[in-house]
Amino acid sequence: MTASSTRRTTAIRSRTAAVGAIAVAGALLLAGCGDQTGNDGGGNSSESANSAPLFSKLPKAIQDAGVIKVGTNAEYAPMESVENGKIVGVDPDIADALGKQLGVKLTFTSGSFDGLITAVNSGRYDIAMSSITDNKQRQEGLDDSGKKLGEGVDFVDYFVAGTAIYVKKGNPEGVNGIEDLCGKTAAVQRGTTYEQALKDQSKKCTDAGKKAIDIESFENDTEAQTRVKSGGAVAGINDYPVALDLARKADNGNAFEVVGEQYDAGPFGIVLSKKNTELRDVLKEAVDAIIADGSYKKVLEKWGAESGAIDKSAINGGK
């Protein structure tokens, strides 16, 4: 899912999801996308929920439902992916820890990444957790030129990550950084901050008298990975933790490698409607609580995501 890009420096995959403008505008078109995968789960009993430290601070509707509905795009291991029909990863495990503080169940449903922000603002989901970069464009619903495209959203920050470049194993094209992609083909998921990073770099290429980057944008990250693996694109752009996880696991570590270090690191945030300030504020308390009690650290260690750890949550901390 940074202010301009993010999806890190230790093993984890954190996706920086999309440029605010694209996320908002694309979401308007994709808001009707059907869900792909959902976790089973219902609310906790009121007796159990009432004993949780932060239950009394939840909105009454959430207390009554016993559930917080979470939208995600479960294609970014180790942050969120589907294993044996269940959504697993850093974000679901953090959500489980938050649920213990809140006394309710956080249930994940996977759908189109581009549609998550609109789905939250329409009330389809209470929140979204999907390695989504917190930035001003998304907070204010703006496009790249500052034009208002739609409703903005609020973020409760819980992680930090940067952008990474991955290539075929052996790096046959000798790519060492994003500046090496001038005149070459790069693959990326549509609607992410990484897509915008490639567009920005492509302009730098042409301004310097070099050829533009041939940017191939795909509906999901799996398609982008396949394009790189087949040699159709010389590189893919993703969250640093996700890219590291991909390099470690794809074809037993024989398909890809990450080049260079992560850059443009920024916060990932839980997305909420700006009207939902009561839930926003208690979620921030819950994030701080799991940092303090050590459960947050255990989740990151489980998934090799320690490099994305934060010391304290923030509301709309992205720039």
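Figure 1. Leu-181 sits in the loop that links E8 to E9, in a model that is predicted. With a relative accessible area of 0%, Leu-181 is buried. Beyond its neighbours within four places in sequence, the residues in contact with Leu-181 are Val-175, Ala-186, Leu-198, Ile-213, Val-234, Ala-235 and Ile-237. The C-alpha atoms of Leu-181 and Asp-214 are 8.7 Å apart, with 33 residues separating the two in sequence.

**Figure 2. Asn-171, a residue with positive phi in the loop between E8 and E9**. Phi of Asn-171 is near 50°, and the residue is not a glycine. Most residues other than glycine have a negative phi. Asn-171 has a relative accessible area of 14% and is therefore buried, the cut-off being 20%.

**Figure 3. Helix H4 and its end.** H4 runs over residues 90–102, a total of 13 residues. From first to last C-alpha it reaches 18 Å, close to the 18 Å expected at 1.5 Å a residue. The helix is mostly covered, with 11 of its 13 residues buried. The buried set consists of Val-90, Asp-91, Pro-92, Asp-93, Ile-94, Ala-95, Ala-97, Leu-98, Gly-99, Gln-101 and Leu-102. Gly-103 follows H4 and has a positive phi, near 80°.

**Figure 4. Packing of H4 against H11.** The axes of the two helices H4 and H11 come within 10 Å and cross at roughly 160°. H4 is therefore roughly antiparallel to H11. The crossing of H4 and H11 is right-handed. On the H4 side the contacts are made by Val-90, Asp-93, Ile-94 and Ala-97. On the H11 side they are made by Ser-295, Tyr-296, Val-299, Leu-300, Lys-302 and Trp-303.

**Figure 5. Packing of H4 against H10.** H4 and H10 have axes 9 Å apart and pack at an angle of about 105°. H4 is therefore roughly perpendicular to H10. H4 contributes Ile-94, Ala-97, Leu-98, Gln-101 and Leu-102 to the contact. These residues meet Val-282, Leu-283, Ala-286, Val-287, Ala-289, Ile-290 and Asp-293 of H10. Ile-94 and Ala-97 of H4 take part here and also meet residues of H11.

**Figure 6. The largest nonpolar core.** In soluble globular proteins, nonpolar side chains tend to be buried together. The largest nonpolar core of this model has 44 residues. Ile-68, Ile-94, Leu-102, Ile-127 and Ile-270 are the residues with the most contacts inside it. At least two residues of this core come from each of strand E2 (67–72), strand E5 (86–88), H4, strand E6 (105–110), strand E8 (153–168), strand E12 (256–273), helix H10 (277–293) and helix H11 (295–303). H10 gives the largest share, seven residues. Apart from this core lies another one of 16 residues, among them Cys-182, Leu-198, Ile-237 and Val-259.

**Figure 7. Contacts of Ile-94.** Ile-94 is one of the buried residues of H4 and is among those with the most contacts inside the largest nonpolar core. Residues up to four places away in sequence are not counted here; Ile-94 touches Met-129, Tyr-158, Ile-290, Tyr-296, Val-299 and Leu-300.

Figure 8. Most peptide bonds are trans. Pro-78 is located in the loop between strand E3 (75–76) and E4. With neighbours within four places in sequence left aside, Ser-81 contacts Ala-74, Glu-75, Lys-86, Ile-87 and Val-88.

**Figure 9. Pro-267 in strand E12**. Pro-267 counts as buried because its relative accessibility is 18%, and the cut-off for buried residues is under 20%. Pro-267 and Gly-162 are 105 residues apart in sequence, and their C-alpha atoms are 8.7 Å apart in space.

**Figure 10. Asn-316, in the segment after strand E13**. Strand E13 covers residues 314–315. Phi of Asn-316 is positive, about 55°, although the residue is not a glycine.

Conventions:
Residues numbered from 1 in each chain as written. Predicted model: local features only at pLDDT ≥ 70, side-chain atom pairs only at ≥ 80, totals over all residues. Heavy atoms only, no water. Helix = DSSP H or I, 4+ residues; strand = E, 2+ residues; numbered from the N terminus. Expected span 1.5 Å × (residues − 1). Buried < 20%, exposed > 50% of the residue type's maximum accessible area, 1.4 Å probe, protein only. Core = buried A, V, L, I, M, F, W, Y, C linked by side-chain atoms within 4.5 Å. Contact = heavy atoms within 4.5 Å. Axes fitted to C-alpha atoms, helices over the stretch in contact; angles between N-to-C directions. Parallel < 35°, antiparallel > 145°, perpendicular 65-115°, else oblique. Left-handed = near helix turned anticlockwise from the far one by under 90°.
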